Amino acid sequence: MSIAESARFAWRGLTANKPRSALTMLGILIGVASVIILVGVGTGANQSVTDTLNSLGTNTLTITRKSSDTTQLRNPFVAPSVDAAGSGTNIRDTRLTMSDAEALADPELAPAIRLVAPVVVATRVTATLNGASHPIPSTTGTTNAYLSINNDTVVAGRVFTDTDYRAHSRVLLTGRTVAEALAGGDGSSLLGQVIRLNGKEFTVIGILEAKGVTGRLDQDDRIIAPATAVQDHLAGYGDLSSIVAQAVSAAAVNDAQAQIESILDARHRTNVDTRDFTVTNSATFLNAAKSITDIFTVLLGSLATVSLLVGGIGVMNIMLVTVTERTREIGIRKAIGAGRSDIILQFMLEAVLLSVLGGIAGIIFGYLVCQIEISGFRAVVAPYSVALAFSFSLAVGLFFGIYPAMRAASLKPIDALRYE
Amino acid sequence: MTGPPDRPVIDLRNVSKTYGVGETLVHAVDGVTLQVQRGDYVAVMGPSGSGKSTMMNLIGCLDAQTRGLYRLDGVDVRLLDDRQQSRIRNRKIGFVFQNFNLIARTTALSNVELPLVYAGVPARERRRRALAALREVGLADRIEHTPAQLSGGQQQRVAIARAMVTEPVILLADEPTGALDSHSSEEVLALFDQLSAHGRTLVVITHEAGVAAHAKRVLQMHDGKIRSDERNAPVDAPPPALRHPPTGMAS
């Protein structure tokens, strides 16, 4: 008997009890869909982190103070300019100064560095305009170089220049969220207006291109202004929060890091062991973040595999019930000439059809769910997870179908016919 | 039809079938020797527990004897493996059961085609032969009906069509009229008479004397042994019902 005939019998077996077949398939559907969705969430997280870190530039380096605590845990998901914002306890007399930043911009001693920018961060800043007020989580004072390093551009107006920096101009660039909050609408009318930051007047000269939301961090809820003006009016003349630098190329990042360390060691009179600053580059973050999200993906994937396994046991359960229910049919088939292999093939194909159809439905369902965007995050369907889920469901059908099929085939025709 | 005409289709030599061991040992069939010639129409009678159903299972290769020799159309079936036994049931035997044993939710046509599917007959040929068999049992207008949509008599006629479609050497029927009303029973028995008249070999297990009266040869079984063996008509003659139609018989 041909496979096509067996498949026809198997199909008829499936359609004989539609609700039951549908429910069994649902088990596989959920299993396959969870593999695709959960692996998709992991892949999406991985990609989102990678994108965020790439948007910071792959060849950027960040120099921060090292607090006197032995270790300072750093959250790699938060942009480096936001942290270490002058919480003055536990810090030795270590400083990152404007002159440190200027010293790094030395083409002789640091040929691997293209750009350097000091970063001053003012916290607890509230922007107001005609009665509208908006708290700014991140007000960055810096130089024009920071914008190049960070790939920040304006969608309207202009960026501030080194002239603005030297002149201590009270000008600023706002992110879209801030502009919308103050001026309403799409925020474009804020351009050219004078707003107050903690009561100090600043002129909005540019609106930054939107960077979107990463996780729960709104990257557009920010203000960037010349560091000199921020120090004058908002942050005071303390330490820099950090210094950001850009290497001439991604390949030169390690050279740049060594040059920064040697220049600052000389200035701070420190060495590898006593160093009071930390240089990190985005590659370090990227690797750390990737290894975390990889673990995350594996974890989610293995959880989903468990539900696929449960679905497979459902298939076996139903196939055993089917074999019992259809004992007479098996007896009839054997009496009129079906061999062991014919019976095995029929019931195996029935189990495989159940799980493969469930698997295909699960792939479609999982794919659709992955298209839903939740708070700016979207799962990414990994092709390997589709292949994995499908072949796993096929394997589940074969594995969990073989026992019931063998049991059906091993029935003696005489016993099967007598079965009531 | 294959084989020399003088060779018996069924050849049982001192065949026994026992169940259980020791104290509970039961001789369902106890040393039966029986030859059935091609073209014969044999009724096996006896009360329940006489071993007639066990004998039908042995003859039909649904069960294996404990002792003795059984040749079906010259083949010692004990030497066959599972696959070959399936094949011999498929090629040489057509079964008709008391409770019809059609496959549920499957049309009459598909039921009749089933043995041909297992025999590997191509689809077109299968359909042609199944349609011819259904026409012969008078159900040409019921081919797309499922068993649930057919009366008992119609279901049994589908079962007979299924049994005959492979042109087996014997038709084996176990209480074929046991679940039927008298009218349907007559229809089924008339079909058997027709088949016998066309030279088919039939073995019918029954406890009804009215059914046995259609056979050319009647065996009485008791306690696993053949008690009597009467011949009502010669092997090569038409069955008795077609020679002397009993009164009230629809013919």
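Two strands pair if DSSP finds at least two bridges between them. In this predicted model, strand 5 of chain A and strand 12 (residues 222-226) of chain A meet that rule with five bridges. The two strands run parallel. Within this pairing, G141(A) stands opposite A225(A) of strand 12.

Strand 5 of chain A also pairs with strand 2 (residues 113-122) of chain A. Here three bridges join the strands, and the direction is antiparallel. V121(A) stands opposite T140(A) of strand 5. Strands of a sheet pair through backbone hydrogen bonds, either parallel or antiparallel. Strand 5 of chain A shows a parallel pairing with strand 12 and an antiparallel pairing with strand 2.

The setting of strand 5 was examined next. The strand spans residues 138-142 of chain A, and five of its five residues are buried. It is therefore largely enclosed by the rest of the structure. In a regular strand the side chains alternate between the two faces of the sheet. In strand 5 of chain A, S138(A), T140(A) and T142(A) point one way. T139(A) and G141(A) point the other way. The residues of both groups are buried.

Chain B contains an open sheet of four strands, in the order 2-1-4-5. The pairing in this sheet is antiparallel. Its edge strands are strand 2 (26-36) and strand 5 (75-76) of chain B, each of which pairs on one side only. Strand 2 of chain B is joined to strand 1 (residues 10-19) of chain B by seven bridges, in the antiparallel sense.

Confidence was considered for chain B and for the complex. Chain B averages a pLDDT of 90, and 95% of the residues score at least 70. Where pLDDT is low, the predicted coordinates should not be read in detail. For the complex, the predictor gives an ipTM of 0.89 and a pTM of 0.69.

The interface between the chains involves 24 residues of chain A in contact with 24 residues of chain B. About 2,200 Å² is buried between chain A and chain B. Carbon and sulfur atoms give 54% of that area. On the chain A side, I332(A), I336(A) and I414(A) supply 26% of the area that chain A buries against chain B.

Two salt bridges are counted between chain A and chain B. E5(A) and R126(B) meet through their side chains in a salt bridge, at 2.9 Å from N to O. R126(B) also forms a salt bridge with E113(B), at 3.2 Å from N to O. The latter pair links distant parts of the chain, 13 residues apart. E113(B) lies in helix 3 (residues 108-118) of chain B, and R126(B) lies in helix 4 (residues 123-136) of chain B. Both E113(B) and R126(B) are buried.

Over all chains, the count comes to 32 salt bridges. Side chains of opposite charge can pair when their charged atoms come close. In chain A, D164(A) and R158(A) meet in a salt bridge at 3.0 Å, N to O. D164(A) has 9% relative accessibility and counts as buried, because buried means under 20%. R158(A), at 38%, is partly exposed.

In chain B, the side chains of R217(B) and D229(B) meet in a salt bridge at 2.8 Å, N to O. R217(B) lies in strand 9 (residues 217-222) of chain B and D229(B) in strand 10 (residues 225-231) of chain B. The pair therefore ties together parts that are 12 residues apart in sequence. R217(B) is buried at 10% relative accessibility. D229(B) is partly exposed, with a relative accessible area of 43%. Elsewhere, salt bridges that share partners join E5(A), R8(A), E113(B) and R126(B) into one network.

Cysteines were considered last. A disulfide is a covalent bond between the sulfur atoms of two cysteines. The search of the whole structure finds zero disulfides over all chains. C370(A) is buried, with a relative accessible area of 1%. C61(B) also counts as buried, at 4% relative accessibility.

Technical notes: Residues are numbered from 1 along each chain as its sequence is written. Chains are lettered from A and ligands numbered from 1 in the order in which they are written. This is a predicted model: local features need pLDDT of at least 70, side-chain atom pairs count only at pLDDT 80 or more; totals for chains, interfaces and linings use all residues. Side-chain values use heavy atoms; hydrogens and water are left out. Buried means under 20% relative accessible area, exposed over 50%, partly exposed in between (1.4 Å probe, protein chains only). pLDDT is the predictor's confidence in each residue, from 0 to 100. A disulfide is a pair of cysteine sulfur atoms within 2.5 Å. Contact means heavy atoms within 4.5 Å. Buried area is the accessible area (1.4 Å probe) that two parts lose on being put together, summed over both. A salt bridge is a side-chain nitrogen of Lys or Arg within 4 Å of a carboxyl oxygen of Asp or Glu.
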